[in-house]
Structure formats: structure tokens, C-alpha cells
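Thanks for coming, everyone. I'd like to walk you through one fold today. Please look at the screen.

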Amino acid sequence: MKYLMLIVFAMSSLLYSCSDDSTSSSPSDLKDGIIGTWNVKRTLSSRSSQFPNGYSDYQVWSFQKSGDNVVLSTNAGSVNGQWKSTQTWAANHWVFETTVYSPEMMSNYKVLVEIIGVSPLKGTNETYYQDPSSGIWFLLDAFKIEGTKQ
């Protein structure tokens, strides 16, 4: 129950931090305007055992078109995106999700990036851990994303 409350709190924080009206991207601007290289600032928006409160970092992210799809590339790797709505945001937006298995931890980890704006770049970056005994996903950390195009 403690973990469920943490997830609800984190998601509420994310919704609050990303729900202002400063994102002026229309769906077509977002769908095509994401292409390019971005200077991204990630700011921790949840409690985390791996990062101190107030933590932020800077990364370079590249979005490249591949047919009707977009691929996100960072220094950690690449992931295909999907243009869809989610429980967090009802309007279609870019969703990049990948799951990896860690043999050392004998568990799955999921990284989820949702981009909801490109004027400026705006969204979230979350990491989840799957409990091997219950199969339940638990939030490890969540970041607010802001970025400017190079």
C-alpha cells in the first residue's frame, strides 16, 4: 500500500508539474516538430533512493523519423516511439517505452518517456521496477523533461 501511495503521489506531482498552459504545440506541431536534436534538462519530480531531492541533469536527445514512427536516441540507447494517448495524457503524443531484464537483479525494468510539447520540449521520463514475486510495477524515479532544440 505504501508503494501504491508513492506512485499516486508521484503521478499527481507529474500531472501538476506538466499541466500548465505554456505548451503551445498543436498535435501536428508535436508530431513533426519533435524531429531533431534537443538539449534536455531532466528534473527529479518524485522521491528516489538513487537521486537526491532537487536533482537535475542535462542530456542530449535526438529524435529521428523512421517511416511513420520516431526513434529517440540518447547516450543510453535508442527506442521506437508510438503516437498515442495514455492514462496520463488523453491527447495523442509521443510515447517511448522499453523494458529490459536485469539478470543481476532477476527483474524487469521499464523506462517510459512521454513527450507532450515541442515549444519548448516538455514531458516526463519515468523508470519502473517489476517485483518478480507479484509482477507489480513500482515507480523508481520520475523526471520532468524540458528542452530546447539545437
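**Fold and core**

Residues 24 or more positions apart make up 48% of the contacts in the protein chain with a separation of 6 or more. Contact here means heavy atoms within 4.5 Å. Before I go on, two words on the source. This is a predicted model, where local features need pLDDT of at least 70 and side-chain atom pairs count only at pLDDT 80 or more, while totals for chains, interfaces and linings use all residues. Residues are numbered from 1 along each chain as its sequence is written, and side-chain values use heavy atoms, with hydrogens and water left out.

Now the layout. The protein chain has two helices and eight strands. From the N terminus on, the order is α-α-β-β-β-β-β-β-β-β. These elements are DSSP runs, numbered from the N terminus: helices are H or I with at least four residues, strands are E with at least two. Of the 150 residues of the protein chain, 39% count as buried. Buried means under 20% relative accessible area, exposed means over 50%, and partly exposed is in between, with a 1.4 Å probe and protein chains only.

What does the largest nonpolar core hold? It has 16 residues, and those with the most contacts inside it are Ile 34, Trp 61, Phe 63, Phe 96, Ile 115 and Leu 121. Strands S1 (36–44), S2 (56–66), S3 (69–74), S5 (93–102) and S6 (107–118) each give two or more residues to this core. The largest share, three residues, comes from S6. A nonpolar core, by the way, is a set of buried Ala, Val, Leu, Ile, Met, Phe, Trp, Tyr and Cys residues joined through side-chain atoms within 4.5 Å. A second, separate core has five residues, including Val 95, Leu 112, Leu 139 and Ala 142. As background, nonpolar side chains in soluble globular proteins tend to be buried together.

Take Ile 34. It is found in the loop between helix H2 (27–33) and S1. Its relative accessible area is 0%, so Ile 34 is buried. Leaving aside neighbours within four places in sequence, Ile 34 is in contact with Asp 29, Phe 63, Val 70, Trp 94, Phe 96, Ile 115 and Val 118. Ile 34 and Gly 117 are 83 residues apart in sequence, yet 8.3 Å apart in space, C-alpha to C-alpha.

Phe 96 next. Again leaving aside neighbours within four places in sequence, its contacts include Ile 34, Phe 63, Val 79, Gly 81, Val 113 and Ile 115.

**Rings and charges**

How many aromatic pairs does the structure hold? There are eight. Rings of Phe, Tyr and Trp (its six-membered ring) pair if their centres lie within 6.5 Å; planes under 30 degrees apart count as stacked, over 60 as edge-to-face and the rest as tilted. One of the pairs is Tyr 109 with Tyr 129, which is tilted: 5.6 Å centre to centre, 50° between the planes. Tyr 109 lies in S6 and Tyr 129 in strand S7 (residues 121–130), so the pair ties together parts 20 residues apart in sequence. Tyr 109 is buried at 18% relative accessible area. Tyr 129, at 21%, counts as partly exposed. There is also one aromatic cluster, formed by Trp 61, Phe 63, Trp 83, Trp 94 and Phe 96.

Two charges sit over rings. Arg 42 lies over the face of Phe 143, 3.8 Å from the ring centre. Lys 110 lies over the face of Trp 137, at 4.6 Å from the ring centre. The test is NZ of Lys or CZ of Arg within 6 Å of the ring centre and within 35 degrees of the ring normal.

**Loops and a strand residue**

A cis peptide bond joins Ser 119 and Pro 120, with omega about 5°. Pro 120 is found in the loop between S6 and S7.

Met 106 is in the loop between S5 and S6. Its phi is near 50°, a positive value in a residue other than glycine. Is Met 106 buried or exposed? At 58% relative accessibility, Met 106 counts as exposed.

Last, Ser 102, in strand S5. Ser 102 counts as buried, at 12% relative accessibility.
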